[in-house]
Amino acid sequence: MPDSKPAPRVLWKGAISFGLVHIPVALYSATTDSGIDFDWLDKRTMDPVGYKRINKKTGKEIDREQIVKGIEYEDGQYVVLSDAEISAAYPKTTQTIEIETFVPAAGIPFVYLERPYYVAPINRGAKVYALLRETLQRSGRIGVARVVIQTKEHLAALVPSGAGLVLNLLRWGTDIRSWKDLPLPAEGAKQAGLSDSELKMAKALVEDMSSDWDPDAFKNSFKDAIMKLVDRKVEAGQTEAVEKLQPMEAADAGSSAKIIDLTELLQRSLRKGGARAAQDAPLSGGAEAATKKPVTKPAAKKAAPAAAKTSRRRAA
C-alpha cells in the first residue's frame with residue numbers, strides 16, 4: 001500500500017550563505033510536541049474557553065483597544081511603546097541563514113541549544129548542500145549563523161547529522177544565567193574531597209550502566225497513563241462533542257536564492273578571505289550575486305544601564 005503520511009510542511013525557505021556560496025534550502029520542524037494538552041471547556045455547554053483580558057487590579061475585562069505594551073525598566077516604572085515603534089524595531093526580514101564563523105563541533109555547550117530544525121536542499125541545491133555537509137563532517141566543525149524567522153532574529157548552529165544538516169536555534173549569551181553564585185563543590189577530585197576508591201567505584205558503576213543511545217527505550221509515563229484513561233472512557237462512551245476552530249495556514253516564506261557556478265564561488269571566496277568575500281562586487285558572465293552585509297566580529301558585551309533590570313519581561 002502507498003504511504004499515506006502527509007508530506008512534511010515547509011516552515012521557511014531561503015538559502016545558507018557562506019562566502020559567496022548560496023545553498024537554497026527549506027526548513028522543516030525536527031520535533032513534535034507529544035505532551036498532554038488539556039483544553040479548557042465550559043462544562044455547561046462544552047464550548048471552548050479562552051483567556052480573557054483582565055485588569056489585574058480591578059478584576060474587570062477590558063477591550064483590546066485599551067491595551068498598550070510596556071517594558072518595566074525598574075521596580076514599578078515602565079516605558080510604554082506603540083505598535084509602530086515595536087514594528088520599526090523588528091529585524092529586516094531576510095531569506096538567508098548567514099554563516100558568520102565555523103567553530104569546533106563540541107565548542108557550544110548544551111545549555112545554549114534551544115530548538116532544532118531539519119534543513120533540506122531545494123531548487124538544484126543538492127550538490128552544494130552535500131559539499132557543505134561533507135566539509136563540516138570532515139573538519140569537525142559547525143557553522144554559527146544568524147537567521148530571521150517570523151520577524152525574530154535568532155543565533156543558530158548549522159550541524160551535520162547523518163545525511164542531513166540540522167539548524168539548531170541557540171539562546172543568546174545574555175539569556176544564559178551564570179552559575180557562579182550556586183553552591184557547587186570545588187572543581188577537581190581532591191578539591192572536592194573525593195578519594196581514588198570512590199572514583200574507581202563510581203566509574204565502574206557508570207560503565208556497568210552504560211549503553212548506546214536509544215530514544216525509543218524511554219517513554220513518557222504520564223502521557224501513557226492519561227491516554228490509557230482516555231481510551232477507557234472512549235470505550236465506555238464517555239465523550240463530549242466540541243466544535244473545533246479552523247486552523248490558520250502559514251504563508252509561504254518565499255523563493256530561494258539562485259545557484260551560480262560552485263567552483264568559481266569557492267575560488268572567489270578563498271581569494272577574498274572567506275567572510276570578506278560577501279562584500280565582493282557582482283560576478284561577471286551574467287551570474288546573479290546576492291547583496292550581502294559586511295560581516296563584523298561580535299562586539300564585546302556592554303554592561304546594562306544601572307537603572308535597567310537584570311532580567312526583563314518579554315514584550316507580549
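This short talk walks through one predicted model, from its strands to a helix, its salt bridges and a surface patch.

Some ground rules. Residues are numbered from 1 along each chain as its sequence is written, and side-chain values use heavy atoms, with hydrogens and water left out. Since the model is predicted, local features need pLDDT of at least 70 and side-chain atom pairs count only at pLDDT 80 or more, while totals for chains, interfaces and linings use all residues.

Let's start with the strands. Helices (H or I, at least four residues) and strands (E, at least two) are DSSP runs, numbered from the N terminus. Two strands pair if DSSP finds at least two bridges between them.

Take strand S1, residues 12-18. S1 pairs with strand S5, residues 96-104, in the parallel sense, over three bridges. Look at Ala15: its bridge partner in S5 is Thr96.

Now move on from S5. Strand S7 covers residues 141-149, and S5 pairs with S7 in the antiparallel sense over six bridges. There, Pro104 stands opposite Arg141 in S7.

Next comes strand S8, residues 152-161. S7 and S8 run antiparallel, joined by seven bridges. Gly143 has Leu158 as its bridge partner in S8. The hairpin of S7 and S8 has two residues between the strands, and Gln150 there takes a positive phi near 55°.

One more step takes us to strand S9, residues 164-170. S8 and S9 pair in the antiparallel sense, over seven bridges. Leu155 stands opposite Leu170 in S9. This hairpin also has two residues between the strands, and here Gly162 takes a positive phi, near 60°.

A general point on strands. In a regular strand, side chains alternate between the two faces of the sheet.

On to helix H2, residues 126-139. H2 has 14 residues and reaches 20 Å from its first C-alpha to its last. That is close to the 20 Å expected at 1.5 Å a residue. The expected span is 1.5 Å times one less than the number of residues.

Which residues of H2 are buried? By buried I mean under 20% relative accessible area; exposed is over 50%, and partly exposed is in between, with a 1.4 Å probe and protein chains only. The buried ones are Val128, Tyr129, Leu132, Arg133 and Leu136. They cover an arc of only 140° around the axis, so they sit on the same side of H2. The arc is taken from the directions from the helix axis to the C-beta atoms. After H2 comes Gly140, with a positive phi near 70°.

Now the charges. Side chains of opposite charge can pair when their charged atoms come close. A salt bridge here is a side-chain nitrogen of Lys or Arg within 4 Å of a carboxyl oxygen of Asp or Glu. How many are there by this rule? The count is three.

First up, Arg146 with Glu100. Their closest N and O atoms are 2.7 Å apart. Arg146 is in strand S7 and Glu100 in strand S5, so this pair ties together parts that are 46 residues apart in sequence. Arg146 is partly exposed, at 30% relative accessible area. Glu100 is partly exposed too, at 28%.

Arg146 also forms a salt bridge with Glu153, with the closest N and O atoms 3.5 Å apart. Glu153 is partly exposed at 31%. Together, Glu100, Arg146 and Glu153 are linked in a network of salt bridges.

Then there is Glu134 with Arg133. Here the closest N and O atoms are 3.0 Å apart. Glu134 is partly exposed, at 27%. Arg133 counts as buried because its relative accessibility is 16%.

Last stop, the surface. Trp179, Leu182 and Leu184 form a nonpolar patch there, with about 380 Å² of accessible area together. Patches are made of residues with over 30% relative accessible area and no salt bridge; like charges are joined within 9 Å, and nonpolar side chains (Val, Leu, Ile, Met, Phe, Trp, Tyr) within 5 Å. Areas come from the Shrake-Rupley method with a 1.4 Å probe, and for residues only the protein chains shown count as cover.

Where is Trp179? In the loop between S9 and helix H3, residues 196-209. Trp179 counts as exposed because its relative accessibility is 63%. Arg177 lies in the loop between S9 and H3. Arg177 is exposed, at 78%. Arg177 and Val111 are 66 residues apart in sequence and 9.8 Å apart in space, C-alpha to C-alpha.
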